Every structure is written in C-alpha cells, then in structure tokens.
Amino acid sequence: MSKSKSDQRPLSPHLSVYKWQLHAITSILTRITGNALIVGVILFILWLIAAATSEANFLIMNAVISSWLGQLVLLGSLWALWYHTLAGIRHLIWDHAVWLDINTSRLLGWAVVLGSFVLTFLTILFL
Amino acid sequence: MMAFDIIKTGTSHFKAMKISSMALVALVPIFIITIGPIFGEQRVVVLAKLEQPIYALIVAVTFTVGLLHFKSGVQVLIEDYVHGVMNKVWIIFTIGLSYLLIGVTLFALIKILV
C-alpha cells in the first residue's frame, strides 16, 4: 500500500500545545485506564484458566497474584476499573448535553478522581 | 481492504461504545462485589463459586461485553495515534486479541461447569 496524502495529516491530540488542567488530565486518564485494564484482564483470565485446569497451575497463578508485583497490578487494575467506570458515567451524562459548563464539569472531574479512590478503598475494606 | 476501512462506520461505532458502556455501568460493580472476594482464595472455594451458573454468567457477560468495549475503545486510540498501514495492522491485532480473550474466558468457565 502506497503512502497516501491522508498519511501526512497531523495526529491528534496536540498534547504539547495545551496547558495541563483537570479536564485534560481526567480525559487522558480515561483512555490510559481503559487500555491499561487489559493487563488486569489477562491476569484474571490466566488465573481463571489455571483454576479450570489443575491444582498445580492454580498454585502457580495464586503465587503470581500474591506476589508484590501481582498485588500492585491488581490494586492498580481495581482503581483503573473504578476510575474508568466513573469517567464513563460522566461521558454518558455529557452525551445528553448537560453539565458541560466549566464549574459543573470541574466538579464532575473531581468527583470522578475522588470517587475512584473512595470506591477502591471501600472495595479493599469490605471484600 | 474495504472491510477494514474506518469510513461510514462512525454511528455504529458510537452506538456500540454507548450501549456497552451502559451495560458495564451495571456489570462492573456486580462483578467486583460478587467475584472480587474469591480472587486470592483456595481453588476449592473458587470452583465452588464458579460452578454456580449465576456467577459463571456474571464473569461470562462482564468479560464478553467488557472486551468488546475494549476492542472499540482501542480502535479509537489507534486511529488517533497511528496512521497508514500500521493503523490497520494494530486494529486487526486488537480485534483478534479481544476475540481470543473472550473465547478463552468462555472456555475456562465451561471447563469449570462440566
């Protein structure tokens, strides 16, 4: 396939020209968490397939998820899952063209950030 | 390459993201509350839980919808940052990975059930 004219178009977003503020950070975190969750998903699926196959396999995967690196990935995935869920709800709200003014959307941004930490903490506490 | 060209598919892509995200708003908390506690438990505990169809179903539906949502979301990421041939290579890879993971999840759950 030859390089077409469209290949020369600039790629978005133009991160270097914007000042970082809450809306930009909460927006890019939605994308980062959503994509990074694949790590936790693969870890869960490997654990699931180990449970389904044999005791030996399960012990290996249990050791993996119990290690400090495994625990770190799980904790990160749990926070990412809550963050992405709350950020997703924010998008569903915005799709109705409401709460888009600066003050309300800033409040919503903080609600997503704080809410994700609170829900992560509550999950660890109760489960 | 027509089938892979990202043209005239914007509306259906938006709908797929919107509908799957609405489903996941309910599925994610249900998954965390019901399946979360068995993560890190002994194998007998894990199997006893997942042998119950309702919990197997929660994992199956959450992961199927979640990975389809992932597939569409990553596609937008790739469209934003990668152009040209690699754009299509990465999108096809993502679609393949998503379907593979859905398949493996369902296989593991069926193996536990039977």
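Hi everyone, let's start with a crossing: helix H1 and helix H3 of chain B cross in a left-handed way, meaning that the near helix is turned anticlockwise from the far one by less than a right angle. Helices here are DSSP runs of H or I with at least four residues, strands are runs of E with at least two, and both are numbered from the N terminus. H1(B) and H3(B) pack at about 145°, and their axes are 8 Å apart; axes are lines fitted to C-alpha atoms over the stretch in contact, with angles from 0 to 180 degrees between N-to-C directions.

A quick caution: this is a predicted model, where local features need pLDDT of at least 70 and side-chain atom pairs pLDDT 80 or more, while totals for chains, interfaces and linings use all residues. Residues are numbered from 1 along each chain as its sequence is written, and chains are lettered from A, ligands numbered from 1, in the order written.

From H1(B), the residues making the contact include His13(B), Met17(B), Leu24(B), Leu27(B), Ile30(B) and Phe31(B), and across from them H3(B) brings, among others, Tyr55(B), Ile58(B), Val65(B), Leu68(B) and His69(B). Contact means C-beta atoms, placed from the backbone, within 7 Å. Nonpolar covers Ala, Val, Leu, Ile, Met, Phe, Trp, Tyr, Cys and Pro; charged covers Asp, Glu, Lys and Arg; the others, Gly among them, are polar.

Zooming out, chain B has four helices and zero strands, in the order α-α-α-α along the sequence. Its C-alpha atoms fill a box of roughly 50 × 25 × 20 Å along the principal axes. Of the contacts in chain B with a separation of 6 or more, 72% link residues 24 or more positions apart. Buried residues account for 25% of its 114 residues; buried means 20 or more other C-beta atoms within 10 Å of the residue's own, exposed 12 or fewer, and partly exposed in between.

Now for the partner. Chain A has four helices and zero strands, and its pattern reads α-α-α-α. Of its 127 residues, 22% are buried. For contacts in chain A between residues at least 6 apart in sequence, 68% join residues at least 24 apart.

So where do the two chains meet? The contact draws 28 residues from chain B and 28 residues from chain A. On the chain B side, H1 (10–35), H2 (43–50), H3 (53–81) and H4 (85–113) each supply at least two residues. That side divides into 17 nonpolar, seven polar and four charged residues.

What do the buried residues of H1(A) pack against? They pack against H2 (55–66), H3 and H4 of chain A, and also against H2, H3 and H4 of chain B. Among these buried residues are Phe44(A), Ile45(A), Trp47(A) and Leu48(A), as well as Thr26(A), Thr33(A) and Gly34(A).

Most residues other than glycine have a negative phi. Ala97(A) has a positive phi, near 60°, and Trp99(A) has a positive one near 55°. Ala97(A) sits in the loop between H3 (68–94) and H4 (102–126) of chain A, and Trp99(A) lies in the loop between H3 and H4 of chain A. Are they buried or exposed? Ala97(A) counts as exposed because it has 7 C-beta neighbours inside 10 Å, whereas Trp99(A), with 13, counts as partly exposed. Thanks, everyone!

Technical notes:
Two residues are in contact if their C-beta atoms, placed from the backbone, lie within 7 Å.
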